[in-house]
Amino acid sequence: MDIVLQQLVNGLTLGSVYGLIAIGYTMVYGIIGMINFAHGDVYMVSSYLTAIAIALLTFFGMESFPIIIFGTLIFTIVVTGAYGWVIERVAYRPLRNSSRLSVLISAIGMSLILQNYVQISQGARQQGVPTLLTGAIRFDVGDGFVQITYMKLFILFAAFLGMGVLTYIIQKTKLGRMCRATQQDRKMASILGINTDRIISSVFVIGAAMAALAGVLITLDYGAFDFYVGFIIGIKAFTAAVLGGIGSLPGAMLGGVILGLSEALFAGLISSDYKDVFSFSLLVIILIFRPSGLLGKPEVEKV
Amino acid sequence: MSQDNILKVENLVMHFGGIKALNDVTFDIKRGSVSALIGPNGAGKTTVFNCLTGFYKATGGSILLDAGGKQTSVVKVLGEKFKGSDFTSPASFFERVKYKMFGGSHLVNRAGLARTFQNIRLFKEMSVVENLLVAQHMRVNRGMMSGILNTKAFQKSEEEALQRAFYWLEVVHLTEFANRLAGELSYGQQRRLEIARAMCTNPEIVCLDEPAAGLNPSETEALASMIRVLRDEHNTTVLLIEHDMGMVMNISDYIVVLDHGEVIAKGGPDDIKSNPKVIAAYLGAEEGEEVTL
């Protein structure tokens, strides 16, 4: 019983972070119909930026947790957002009117470029950040106990806050309205005077900012990272996006949470070696019964 | 270009590969008029519209839009190829580079031209009122931060946008459907909503592509009176493509007839009715034969 509860908590935090990264995949897919394979590496870049921000802040003598965490968040989100903007401008916009396949290859190339650039500039060794927030809450359950570290609570809070703010932006603000219009009919949106290139850029910036939020949270929790860390988490988040229905924003969040929960429960109860096998099998099973994902809409040929 | 022409199309050429969809199309549209573009199927009417609105980049010729107190060349804002003269004049070089980098069809709308489509292109998964709000984003002059923080100025501009949206909903008789999804509306309602959305961008000229297609006679009548409202109360120039000859002859001041990508006649409704070339194009009749439209 205590293991189930413990893994539920772990799975929820992991899943909320998957959801944050999945948002980047799903929004980009929704608006220009491409899979941004460089997105996992954008997340990886944000891990390094987190370490750089913490190093800078402590160098200037700022020690208290709130200052460090907010400074790190702002720095990482802004710089990663800039990465997202540049990637779109350099690698995808010139290919806007070519076939989907060439954009896909460009994305894979961008992913390799980012990995190698970080490897060369930061070194191939694993890096680490100090633990900033220690301590935990414990509950006694039966014979054992469930432990929730403050860091995990912070992750949950920050991740769901991020998703909430994003949902608000997309549903209520002018930018969100323009994003949705562009997503539904890009050419028509531009006929109505919307600068669709700028909307696409901002979607990339939003996606990168969400990945940066996830990057800061995971890096602070795990402490260690290397230049290759973006690959597996990128694939997981992509799985989450497909699971929830790619193109659907609530779907990405839901898919992330489901993937995180099932992975953690499987690891805790059955075998942690096969947890990835389980999560990808889950994807296969769900796609057999719902080919467009949990919340996705079936593809209708445009006429 | 004289002041009373809002739109001047000169020698417009559009090729798709080897197919010449438009061949030397030239016409002017008077400010404040209701003009119609007619012709048999496949004559190139919609292609003209697509070139006007920046949906296609014209192969050759010029389109000048005189709205909002300045002249806009539609072909230029889409980002033309460099010409030899650009390399001697820095000003025109930089202008060309600017439009190549930041140009696009959104600038045509911002210059004051809006359009509707033959096959309706509403944002089907947004509510009716949101469709109208998204068209007004150029006026809702507030950034993302003020939206998140929900500032006073943001609330005020949203309020104004809503009022304008409801004003247009009233004009097209859709007020009671404001919160329905646009995709749930009936065909005729969707057509009216599309016109309202085009008008929400505050255009000086609105291009309607077959607004009466699929409407019953009483709906067509209502549409005709709505078009008059656009012209008389909102000082909007209307250019329409239409197959319903009764309606065209009834409301338009000026008619341009296209056939096989060429202008075969232009003039007032009465001239067009009696023009033998037009009759021949429509009915395939021999010239000189007695046919009336």
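Trainee: What distance separates the centres of domain 1 and domain 2 of chain B, taken over C-alpha atoms?

Mentor: The two centres are 27 Å apart, with domain bounds that come from an automatic or database domain assignment; domain 1 covers 1-83 + 100-112 + 203-293 and domain 2 covers 125-201 of chain B. This is a predicted model, in which local features need pLDDT of at least 70 and side-chain atom pairs count only at pLDDT 80 or more, whereas totals for chains, interfaces and linings use all residues. Residues are numbered from 1 along each chain as its sequence is written, while chains are lettered from A and ligands numbered from 1 in the order in which they are written.

Trainee: What makes up the contact between these domains of chain B?

Mentor: Twelve residues of domain 1 and ten residues of domain 2 take part, two residues being in contact if their C-beta atoms, placed from the backbone, lie within 7 Å. On the domain 1 side, α9(B) gives the most, with four residues.

Trainee: Why does the radius of gyration of chain B agree with a compact globule?

Mentor: The radius is taken over C-alpha atoms, and the globule rule is 2.2 Å times the number of residues to the power 0.38. For 293 residues a compact globule would have a value near 19 Å, and chain B has 20 Å, so the two agree.

Notes:
Helices (H or I, at least four residues) and strands (E, at least two) are DSSP runs, numbered from the N terminus.
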